[in-house]
Amino acid sequence: VLPVESDVVELGRDLALDAATLVQSPPNPAPGAAASTTVEVRNLGETTESGVVVTLVSRDEEGDEQLAEATVPGALTPGASVVVQLDWTVPPRAAQP
């Protein structure tokens, strides 16, 4: 009896944010101001994805701070893309020494 060989391909999430589509409005908001960021989410995989969450995070030497979160509406089929909008408030800056 010969061993059975199988080619198994795992189909997992293969999602991407397209940096070329990232738009922030206003472009340089002041601390405490309302802002909005939009970005295109692409499904580069082979399976339909749903419940996809996009999170906007501010990173500095003090750590990470979540600014906003948006869920992609509905299902994102293979090859599809959708623009999501994240509305947030610019955090106050730390006092300069």
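This report covers the strands, the nonpolar core and the salt bridges of one structure.

The model is predicted: local features need pLDDT of at least 70, side-chain atom pairs count only at pLDDT 80 or more, and totals for chains, interfaces and linings use all residues. Residues are numbered from 1 along each chain as its sequence is written, and side-chain values use heavy atoms, with hydrogens and water left out.

**Strands**

Strands here are DSSP runs of E, at least two residues long, numbered from the N terminus. Two strands pair if DSSP finds at least two bridges between them. In general, strands of a sheet pair through backbone hydrogen bonds, either parallel or antiparallel.

An open sheet holds 3 strands in the order S1-S2-S7, with antiparallel pairing. S1 (15–25) and S7 are its edge strands, each pairing on one side only. From one strand to the next, the twist averages 25°; axes are lines fitted to C-alpha atoms, and angles run from 0 to 180 degrees between N-to-C directions. S1 and S2 are joined by 7 bridges. Leu17 has Val41 in S2 as its bridge partner.

S4 and S5 form a hairpin, with 2 residues between them. They run antiparallel and are joined by 8 bridges. Val53 has Thr71 in S5 as its bridge partner.

**Nonpolar core**

A nonpolar core is a set of buried Ala, Val, Leu, Ile, Met, Phe, Trp, Tyr and Cys residues joined through side-chain atoms within 4.5 Å. Buried means under 20% relative accessible area, exposed over 50%, and partly exposed in between (1.4 Å probe, protein chains only).

The largest nonpolar core has 15 residues, and Val41, Leu56, Val84, Leu86 and Trp88 touch the most other members. S2 (34–43), S4 (53–60), S5 (63–71) and S7 (81–89) each supply at least two residues of this core. Not counting residues up to four places away in sequence, Trp88 touches several residues, including Leu56, Leu67 and Ala68. Contact means heavy atoms within 4.5 Å.

**Salt bridges**

A salt bridge is a side-chain nitrogen of Lys or Arg within 4 Å of a carboxyl oxygen of Asp or Glu. The whole structure has 3.

| Salt bridge | Closest N and O atoms |
|---|---|
| Asp18 with Arg42 | 2.7 Å |
| Glu40 with Arg42 | 2.6 Å |
| Arg59 with Asp64 | 3.1 Å |

Asp18, Glu40 and Arg42 are linked in a network. Asp18 is buried at 16% relative accessible area. Glu40 is also buried, at 15%. Arg42 is partly exposed at 35%. Arg59 and Asp64 are exposed.

Terms used
Helix = DSSP H or I, 4+ residues; strand = E, 2+ residues; numbered from the N terminus.
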